[in-house]
Amino acid sequence: MNQKIRKQFPSLARISNDQPFTFLDGPAGTQVPNYVIDAISDYYKTSNSNAHGHFALTHETDEIVESTRAKVATFLGAEGGHTISFGQNMTTLNFALSSAISGSLQAGDEVVITQLDHESNRAPWLALRANGIIIREVKLKTDGTLDYKDFENKINERTRLVAMGWAANIFGTINDVVSVRKMTHAVGAWLLLDAVHYAPHLSIDVQAIGCDFLLCSAYKFYGPHVGLLYCKPGLLDRLQPYRLRTAYQHAPYSIETGTLNHAAIAGVKASIEFMETFGKGKTERARLVSAVNKIHQHEIGLAQQLYDGLAAMKKVKLYGPPMDTTERAPTLSFLHKKKSSTEIGKYLGKHNICTWSGHFYAIKSTEVLGLAEKGGVTRMGISVYNVAADIDRTLEIMQQLG
Ligand SMILES: Cc1ncc(COP(=O)(O)O)c(C=O)c1O
């Protein structure tokens, strides 16, 4: 992982005010390599047409969409393309799913969510309170991890679904989803995982984890803005998503409304192929697993360098699990004793160091930990294209803050 990779990202070659960009805002959306950009524009140059018709261009569109489903399935360790649905983004898909699942719930049924989750995996479930569904919230601890004793308290025989994140986009915490899956399935409930922040950094095997639903978003792993939903085989066909009578009524199509963004879907496939180039192995799956592991090793090394540099600054207080935690996403958040996160974001921004300030939609966790009233935290995330010089530069500019 080096400058050669960085060169594949045209946006990172830009110079503004005589300075290059250091992009540490991957958790909000990564930069996109030429390979993916070309796949999107090639679609418009060649196959552009609607799906399911009777001429060559429409057949090509069908091929692109269906082969992308298969590619996503391999990426996620899923049973096949028939388990993968596309949507505008994760949030839209999750609202469609909550509405579809609500049809199979009764007043008094319970759904468990967490205080560590992004609002996109809270609001769609909190909305079900209007139907008499009871929502229980698992507590977040001050160290940025979830309270697993509280999962035991909150999951019971009335629980129908547990909706939780796999990795926290605010603190980089990796949640113990296997323990929660055991508790969830023991009472016959479904487990839904928000893997939006997990998918770019750690490899996923939905069958090994045993989740029932999993959501992620391609723009977090070098692709365009497309949401991805995995449903265990047979599950989506038991639900009633809103759909037109003219559309396919079965999985994986039944939850997809309107015409899909075919060009972006071509880009989703390319984004996974792009990651695959970093891996080794005889099968596509083996290459993808090894690629994501290699990306993770690179990212976590830089995250450690950044963490150590920030931890050495007296005015900085880091949040979330320490770097020596067994599994961690390369995402760091901190407070500065003298400057608000907005002031830090603006200062770094002036030097073309791209970070984010505030709550990142994980607003509940900032409220619970008393960070909201302080204006939230500064977040820095590492992606495949970051290099040691990015970290050196960021730490140097941070030092200037005093
Ligand atoms: C952890 C997490 N979940 C969900 C989302 C929402 O994803 P989308 O923008 O695709 O709706 C985000 C976006 O930042 C996220 O970081």
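**Around the ligand**

Around the ligand you will find Asn89, Met90, Thr91, His118, Ser120, Asn169, Asp194, Val196, Ser217, Tyr219 and Lys220, where a residue counts if one of its heavy atoms lies within 4 Å. This is a predicted model, in which local features need pLDDT of at least 70 and side-chain atom pairs pLDDT 80 or more, while totals for chains, interfaces and linings use all residues. Residues are numbered from 1 along each chain as its sequence is written, and side-chain values use heavy atoms, with hydrogens and water left out.

By class, this shell has three nonpolar, six polar and two charged residues; Ala, Val, Leu, Ile, Met, Phe, Trp, Tyr, Cys and Pro count as nonpolar, Asp, Glu, Lys and Arg as charged, and the others, Gly among them, as polar.

Now look at the individual atoms. A polar side-chain atom of Asp194 lies 2.6 Å from a ligand nitrogen atom, and one of Lys220 lies 2.6 Å from a ligand oxygen atom. Met90 brings a backbone N or O atom 2.9 Å from an oxygen atom of the ligand. Of the 390 Å² of accessible area that the ligand has on its own, the protein covers 90% (Shrake-Rupley method, 1.4 Å probe).

Stepping back, helix H4 (90-102), helix H5 (123-126) and strand S14 (356-358) each give at least two residues to the lining of the largest pocket. Helices (H or I, at least four residues) and strands (E, at least two) are DSSP runs, numbered from the N terminus.

Notes:
Polar contact = N/O pair within 3.5 Å; in protein donor to acceptor, adjacent residues only side chain to side chain.
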